[in-house]
Amino acid sequence: MLQKNNVFRKKINVFLLFVIVTMFFLYNFEIKETSVIKAYEGKIDLSNCNFEKDGPIKLDGQWELYWGKLLEPKDFRDNDQNDTMDYINIPNSLKTTVNNNNISKYGCGTMRLVIKMPPSQDKIYGIKTQSILSASKVWINGKLVTSAGLVSEDANNAIGSYQHQIAFFESNPNNEAEIVVQMSNFNNVTGKVASILLGNANQIKREYIMGMASDTFIIGALFIMAMYHFALYYKRPKYKATLYFGVFCFFTAIRNALVGKRFIFEVFPNIPFALFNKIAYLTVYIAFPFIVMFFKELFPKQLSSKIVDVMKIV
């Protein structure tokens, strides 16, 4: 009878692990759409786009880049910046420009894009930003609409933040939108600039809310599974598989709060950048050995103890 219960428990645990892995991949999976419209030399023509029909559009392609300069919209009206202008493909990690000039992932700069908008009157649009180096400020049509962290030319004054942002702006009579992005990075090893999403205000709101809702659901499900397995271990402390699986679920829940839609900023908006990075990396290195030990408990003969020892050391 006891052997049957152990076999049944193993099957349940394997099933729960399958559910977690499936949820993780479904959450992180994004349909890769090849956008026909791309920005070219700092301009993109969306005048024939129908946001209601086509949905939000990624502003991918060639943005103007002024590396080493923190410029504001007024700087483009008052002075000609062509002497320092280059182009960079977005999304991208900072390595080289369109003109094959090498740039460092550490430093600061300004990006600019001019958008030809669809003809409309009194239309409200929105944008959604993701990772823009480690700090950014965004102007649309000359107005500062959002920021993340503190942009600076000096590493000692810069403050990083991975918080995703949404912002809204009104259409103008010219049916054009100018987006100016200041950015800096002195502590992010990847130096990544992700896609910026443009759409109607309601679409951007829906995108943001749905992302947060999926975050909350997955984090909650993982946390409940962690507490459930901790309770099982409390009742039967000799059976350590439940403890290992509970720890794995707990740290995976924390990991999901940090990555993806950055749900952590909804709870702790002022979390220090260094602490954020440390927790994000630690959750991976802590969770992985526990899932290996979990499988070792389930399949002691099939899994070598040397593999488990290596994972503990790593």
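Guide: A residue counts as exposed when its relative accessible area is over 50%, as buried when it is under 20%, and as partly exposed in between. Glutamate 52 reaches 52%, so glutamate 52 is exposed. This is a predicted model.

Visitor: What share of the residues of the protein count as buried?

Guide: Of its 314 residues, 45% are buried. The protein exposes about 17500 Å², and carbon and sulfur atoms supply 58% of that area.

Visitor: How many helices and strands does the secondary structure come to?

Guide: There are eight helices and 13 strands. Among contacts in the protein with a separation of 6 or more, 74% are between residues 24 or more positions apart.

Visitor: Which residues have the most contacts inside the largest nonpolar core?

Guide: The general idea is that nonpolar side chains tend to be buried together in soluble globular proteins. Here the largest nonpolar core has 32 residues, and Leu59, Trp63, Ile115 and Leu198 have the most contacts inside it. Several strands each supply at least two residues of this core, among them β3, β4, β6 and β8. Strand β11 gives the largest share, four residues.

Visitor: Which residues does leucine 59 touch, leaving out those up to four places away in sequence?

Guide: Leucine 59 touches Ile44, Leu46, Leu113, Ile115, Ile179, Ile196 and Leu198. Apart from this core lies another, of 19 residues, including Ile218, Leu222, Ala257 and Phe294.

Visitor: How should I read the pairing of strands, and in what order do the strands of the open sheet stand?

Guide: In a regular strand the side chains alternate between the two faces of the sheet. The open sheet here has four strands in the order β2-β13-β7-β10, with antiparallel pairing. Its edge strands, β2 and β10, each pair on one side only. Six bridges join β7 and β10 in the antiparallel sense, and lysine 128 stands opposite isoleucine 166 in β10.

Visitor: How many bridges join β3 to β4?

Guide: Five bridges join them, and the two strands run antiparallel. Glutamine 62 faces asparagine 89 in β4 as its opposite. Strand β4, residues 86-90, is mostly covered, with four of its five residues buried.

Visitor: Which peptide bond is cis, and where is its proline placed?

Guide: Most peptide bonds are trans, and most residues other than glycine have a negative phi. In this model the bond from isoleucine 90 to proline 91 is cis, with omega near 5°. Proline 91 belongs to the loop between β4 and β5.

Visitor: Leucine 133 is not a glycine, so to speak of its backbone: what is its phi?

Guide: Leucine 133 has a positive phi of about 50°. It is found in the loop between β7 and β8, and leucine 133 counts as buried because its relative accessible area is 1%. Asparagine 141 also has a positive phi, of about 55°. Its place is in the loop between β8 and β9. With a relative accessible area of 30%, asparagine 141 is partly exposed.

Visitor: How many salt bridges are there?

Guide: The count comes to three, where a salt bridge is a side-chain nitrogen of Lys or Arg within 4 Å of a carboxyl oxygen of Asp or Glu. Lysine 123 and glutamate 52 form one of them, with their closest N and O atoms 3.0 Å apart. Lysine 123 lies in the loop between β6 and β7 and glutamate 52 in helix α2, so the pair ties together parts 71 residues apart in sequence. Lysine 123, at 28% relative accessibility, is partly exposed.

Technical notes. Residues are numbered from 1 along each chain as its sequence is written. This is a predicted model: local features need pLDDT of at least 70, side-chain atom pairs count only at pLDDT 80 or more; totals for chains, interfaces and linings use all residues. Side-chain values use heavy atoms; hydrogens and water are left out. Buried means under 20% relative accessible area, exposed over 50%, partly exposed in between (1.4 Å probe, protein chains only). Two strands pair if DSSP finds at least two bridges between them. A nonpolar core is a set of buried Ala, Val, Leu, Ile, Met, Phe, Trp, Tyr and Cys residues joined through side-chain atoms within 4.5 Å. Contact means heavy atoms within 4.5 Å. Accessible areas come from the Shrake-Rupley method with a 1.4 Å probe; for residues, only the protein chains shown count as cover.
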